[in-house]
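Hi,

Here is the structure I promised to pass on. Have a look at it first, and my notes follow below.

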Amino acid sequence: MASFDARPAGNGLTRRTMIKTSAVLIGSCALGFTGVASLGCSADNSGGNASSNDSDRVLLHVDDQRFFINGDAAGTAFSGAALSLVPNLADGTIALCYRNSESPDPCCVTLAPLGSPVIVTGTLRMLNVDGVNSDGVVSIQPDAAIGVLSLGSIKTADIEGSVDHLIVVGKSDAIAHDGARIGQATLGDSYADLIINANSSVGSIDAPFEAQVSGEGSGSAHVTVTGDEGAAEQRHGMLLEAANDDAAWENAVAVLAGAATTQQAKAPAGSGSGTASATASGLASATGTATASFAKPFAPQTAYADEAAGDAAIDTEDAADDENDENLLSFTPGEPLETDSEPDDSTSSDEQPPEDFQQDVAALGAENPAPEADVALEAIDLLIAGLKFIGEQAAGRAFEYGSSSLLELVFGGNDESAQIIAQLTEIQGQLDDIEHKIAQVIAQFDKQACYLQVNNYLSKFSAEMRWDLSKLRSMTESIDALPDGDEKEARRKEFAENLYSNPRYQVCGRYVYDMAGVLGNEIMQCYTGTNKNLFGAFDELMVLSYKWEHHGYEMRANFQSSVLSNFMALIDYSTFCLNEHYLAIKDDPEKKTELAEWLGFWKGLFGTATLPETALALLAEDDDADGAATGVANEVAAMATAQKLVKRADNIRYYQVPGHQVQIAANAANVHTTQGGGLKQTQLMRDSAGHCVLTQDQLVNMYLDYDKKKTLTDILFGEGEGNLAAPRNTGVPFVAYQLPLIDERQMKHPSHLYRHKYYAPIANNDGTTGRAYVALYDNGKRIFNFTAIAVYRV
């Protein structure tokens with residue numbers, strides 16, 4: 001049995017929550033610390049021949065509840081073989097942690113040095129892996145059958161066997177090789193990827209981003225793009241809570257599959273009756289509830305000597321228990337709630353007001369965090385509609401001049417066209433302002449590839465293009481102002497011919513139809529350094545510029561609308577002059593060469609679908625002609641539609657610092673301990689729909705991202721920052737996710753009985769972390785007053 005440091009330095013959860021939560025539930029390590037606690041195992045838990053001095057390759061085989069390491073019997077795992085592979089950072093090894101069926105004590109054994117490949121065979125309920133294979137792989141062999149495989153921060157998991165539920169939370173790759181079968185997969189943040197080989201079987205996949213799923217067989221899987229980076233950790237936490245009880249496990253898995261059932265769980269020996277209800281809302285697309293019957297959740301599995309007679313009243317003060325007890329850690333409990341006796345779990349003696357944690361916080365309404373962006377978004381919709389309208393018009397349509405303006409002729413003169421023209425005119429008049437603000441914001445990233453791409457557009461197509469387009473606009477306005485009649489019509493036809501062939505009417509040194517093609521390609525081109533088109537590169541700059549996504553909404557919308565307005569202006573002049581020129585030459589047999597040249601211009605901008613019969617006949621004679629061309633105007637319209645800024649719901653905020661991204665409910669709540677919460681106190685960690693609070697890592701990362709210059713209250717609730725709706729009491733710490741609560745078990749001398757103290761992890765306003773004392777189990781429950789701020793991941 002390996003020896004681990006049970007009390008390493010540190011007082012907060014400094015690593016990813018996901019796998020480390022399994023330490024208590026499956027029975028493994030001291031959560032949040034740089035080490036794993038060895039808490040006593042039976043004689044066969046020696047770890048077989050695996051140690052840091054043996055071969056780096058580890059074969060882990062599970063048969064029923066017994067497991068073998070490199071062929072040697074190593075232990076018996078309680079609860080259907082639920083195992084965790086976690087790092088012991090004290091000596092740089094991998095620890096296998098589990099709960100022994102012969103003892104309530106959790107066990108850990110050493111396997112091999114960190115980074116060693118772990119080969120898994122056999123059948124087991126749950127395998128959690130985190131932080132142990134940054135340089136190696138976990139390999140699930142063809143004969144392995146795993147109920148739930150959870151991956152944290154590892155390099156690669158090669159899957160050739162059967163996995164019912166794959167959950168990838170950390171920066172990990174999972175590869176479904178030929179013959180692999182994965183029933184359901186949930187991916188977490190953008191670094192979690194699933195690669196599917198053609199001859200593997202993968203059912204449904206929930207992923208925040210489409211690009212996270214790839215491979216030859218990815219097309220056969222049902223992929224739901226959710227945008228939710230917290231679902232994997234949330235589902236993992238739900239399953240971990242049920243890992244050590246057969247009936248509760250079956251319910252949790254059924255809920256995950258969308259078919260929850262309610263079953264009775266076996267209570268530990270010597271315990272009375274009681275209930276523990278776990279709400280599984282948000283665990284799967286369907287909402288279900290898993291209910292199990294326990295005597296005393298998280299109480300010791302060996303009853304106290306005086307417990308058989310029933311639940312005894314407990315002391316209201318703890319000092320008498322601590323006299324002459326050197327092994328107990330010192331602590332200062334809060335003031336006990338009024339009812340110290342064992343409560344009826346069906347009721348709460350400390351009801352919360354309905355606007356607090358008892359409701360689905362994420363469903364609450366919130367103010368629009370960026371109303372200024374809405375105007376530009378409406379303009380984008382109209383500009384896209386205008387591009388689509390022009391792209392559908394047949395070449396060679398005769399304009400009915402009359403009293404219509406030139407733009408009304410192009411757009412057809414209906415109510416929608418009037419709105420398009422108004423928006424185009426307004427945006428063109430604001431381009432100076434918009435582009436000046438953009439240049440100021442992005443200047444700080446002048447070494448970034450995305451900056452170079454956006455700046456290339458601004459330098460090539462902004463000032464000079466604005467000047468040339470303003471000259472053309474002045475000409476059209478002077479013609480539009482003429483009285484209706486022959487002179488006005490003649491001036492318009494002359495203007496069209498000048499646009500087509502007079503260099504003095506060029507924009508940025510090119511004819512308008514040529515410049516429209518150049519600008520369209522610039523908008524759509526993916527640069528080598530960024531692998532993004534122009535809109536994607538600008539979005540990346542906004543991620544670098546603003547920690548909270550909503551602060552970049554206005555600038556992103558303004559940039560997209562300004563780019564589209566320039567492109568639209570060029571398309572307007574192009575469609576006008578190309579139509580007029582076609583009508584002038586189409587019936588002249590001596591203009592066949594010129595008509596072929598015109599055909600190339602039209603096809604490049606608008607494709608071949610709208611060509612008239614004369615041009616189609618000419619196209620048929622051209623062996624090199626592409627009869628399926630769509631045209632750059634239609635392609636830009638499609639790209640703009642696909643990449644148009646979509647604001648998140650008003651009741652959502654997105655923290656977008658790379659590597660620390662998290663989606664948050666815009667409403668925070670005050671949460672409190674209650675008698676009805678028992679020793680679980682799950683209401684501290686989730687709202688009624690199952691949305692979990694932020695982890696300590698997430699809260700501390702935010703504080704550090706601001707260079708320790710802002711408090712967490714300012715970062716989350718400040719109008720210029722997260723702008724979350726603050727709860728009534730902001731003078732309390734932030735509670736951080738941890739289920740079950742931290743259970744500190746202590747021996748009481750001279751009786752050699754145990755007490756359990758329960759703590760909730762917290763983050764303070766200054767970015768420091770700690771834990772709050774919320775409950776005591778000492779032959780009965782005692783709940784202490786605790787109030788905190790809950791900020792929920794959604």
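This is a predicted model: local features need pLDDT of at least 70, side-chain atom pairs count only at pLDDT 80 or more; totals for chains, interfaces and linings use all residues.

What does helix 15 pack against? One partner is helix 13 (residues 512-524), at an angle of about 150° and with the two axes 8 Å apart. The crossing of these two helices is left-handed. On the helix 13 side the contact is made by V512, Y513, M515, A516, L519, G520 and I523. Helix 15 brings V563, N566, F567, L570, I571, Y573, S574, C577 and L578. Sorted by type, the residues of this contact come to 13 nonpolar and three polar, with no charged ones. When you look at the spacing along either helix, remember that an α-helix has 3.6 residues a turn, so residues three or four places apart point the same way.

- Q560 sits in helix 15. Its relative accessibility is 1%, and the cut-off for buried is under 20%, so Q560 counts as buried. Leaving aside neighbours within four places in sequence, Q560 is in contact with I380, F535, D539, Q643, K644 and L645.
- S562 is in helix 15 too. With a relative accessible area of 1%, S562 is buried. Not counting residues up to four places away in sequence, S562 touches I427, L431, I434 and Y457.

On the cysteines: how many disulfides are there? The count comes to zero, taking a disulfide as a pair of cysteine sulfur atoms within 2.5 Å. As for burial, C108 counts as buried because its relative accessibility is 0%. C450 counts as buried as well, at 5% relative accessibility.

Finally, the chain as a whole. The secondary structure comes to 20 helices and 28 strands. Of the 794 residues in the chain, 54% are buried. Taking contacts between residues at least 6 apart in sequence, 61% join residues at least 24 apart.

That's what I have so far.

Cheers

Note on methods: Residues are numbered from 1 along each chain as its sequence is written. Side-chain values use heavy atoms; hydrogens and water are left out. Axes are lines fitted to C-alpha atoms, for helices over the stretch in contact, and angles run from 0 to 180 degrees between N-to-C directions. Helices (H or I, at least four residues) and strands (E, at least two) are DSSP runs, numbered from the N terminus. A crossing is left-handed if the near helix is turned anticlockwise from the far one by less than a right angle, and right-handed if clockwise. Contact means heavy atoms within 4.5 Å. Ala, Val, Leu, Ile, Met, Phe, Trp, Tyr, Cys and Pro count as nonpolar, Asp, Glu, Lys and Arg as charged, and the others, Gly among them, as polar. Buried means under 20% relative accessible area, exposed over 50%, partly exposed in between (1.4 Å probe, protein chains only).
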